[in-house]
Amino acid sequence: MDPQNTNTNTEAAKMWLNHAKTLRLHTGNLVNRNRLKKKCPSSPSEELQDCIQATLSDWFSTTKPPSKDFPDTLDCSITQETDAITPEEREELKVSAKLFLCESTQSSIREAVELACQTLAVSQLDSVIIAPPGPLEGDSQTLAHLQPAWEELEALVRSQKIAAIGTSDLDKDLLEQLYNWAQVRPSSNQVNLASCCVMPPDLTAFAKEFDIQLLTHNDPKELMSAATFQEAVQEGTQDLNITDWRLEWVLRYSIIVKSRGIIKAKGYLVSAMKASP
């Protein structure tokens, strides 16, 4: 790599990030990204870190800074790596997402869902599973902790932005509480098999009785720590100091061909915000 170009790109990245208040990043379709296909991440956290680093690196190396006005929101995406869905193929595809909230902000849910619809060129996501931020250390998750996020998801179902909504890591008692309280009931609940080798019988019985699909996952409780996010951005922007940026949410999506059960596309949308001085 030309050292002069590297220095120029670093300076451009520094100017962009100094002016921006929000960072939005789209990894593009990971099924097609050769740069990432050669690597086999050991965990979802490592995959996301690789994606952020590679996307920022590619974007800053190929995008020229504006001549005068820098945007408040920095949208980093590799256009040629994005597979928008055409109207003709929409019926054949299932678009699913899992939304990891790093902060308890209801507006983030709507922002993430609307950005996903816009990015993938669809009017509605078929399903969204919510993973809200965990309770404070020493506290246990409660219905009150889940309600604000669930109410926002319900509003998105009513406005037809989402067809079905689901939960993650709820035991039988909490799932039952949510089911009885909710206006739009959960259609699925993900269970982490790392902490539970066998589905709990009471959870299985409740899910079967009320037609709730039980799914498995291997996501950690915290998908990405603040330190890991900052490390990924530093690597992608040639070692800039970005300690004043914090991760807001991560949306991981997959597009599956219904008739064949194969993944056509998958990727991440990421939002971060600069901390107020």
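**Pockets and residues**

Tutor: Sorted by class, the lining of the largest pocket holds 18 nonpolar, 9 polar and 10 charged residues. Here Ala, Val, Leu, Ile, Met, Phe, Trp, Tyr, Cys and Pro are nonpolar, Asp, Glu, Lys and Arg are charged, and the others, Gly among them, are polar. Please keep in mind that this is a predicted model, in which local features need pLDDT of at least 70 and side-chain atom pairs pLDDT 80 or more, while totals for chains, interfaces and linings use all residues. Residues are numbered from 1 along each chain, and side-chain values use heavy atoms, without hydrogens or water.

Student: How much space lies in that largest pocket, and which residues are closest to its centre?

Tutor: The largest pocket has about 1000 Å³ of space, the volume filled by probe spheres set on grid points joined across faces, edges and corners. Its lining counts 37 residues, of which P132, G134, Q141, D169 and K221 are closest to the centre. A pocket is an open set of points on a 1 Å grid over the protein atoms alone, where a 1.4 Å probe fits, with protein on both sides within 12 Å along at least five of seven lines, and lining residues have an atom within 4 Å of a point. Two or more lining residues come from each of β3 (93-101), α6, β6 (188-192), α7 and β8.

Student: And what about the second largest pocket?

Tutor: That one has about 570 Å³ of space, and of its 27 lining residues the closest to the centre are S96, A97, Q190, R252 and S254. The lining of the second largest pocket comprises 10 nonpolar, 11 polar and 6 charged residues, and the elements that supply at least two of its residues include α3 (44-62), β4 (125-131) and β9 (262-274).

Student: Let's stay with S254, then: where is it, and is it buried or exposed?

Tutor: S254 sits in strand β8, which covers residues 245-257; strands are DSSP runs of E with at least two residues, helices are runs of H or I with at least four, and both are numbered from the N terminus. S254 counts as buried because its relative accessibility is 19%, and buried means under 20% relative accessible area, exposed over 50% and partly exposed in between (1.4 Å probe, protein chains only).

Student: What does S254 touch?

Tutor: Apart from neighbours within four places in sequence, S254 is in contact (heavy atoms within 4.5 Å) with K94, V95, S96, A265 and K266. The C-alpha atom of S254 is also 9.9 Å from that of L93, although the two residues are 161 apart along the chain.

Student: Switching topic, which residues of α4 and α5 meet?

Tutor: Q106, I109, R110 and V113 of α4 meet P148, A149, E152, L153, A155 and L156 of α5, and by class that contact has 7 nonpolar, 1 polar and 2 charged residues.

Student: And how many helices and strands does the chain have?

Tutor: The protein chain has 8 helices and 9 strands, and 47% of its 277 residues count as buried.
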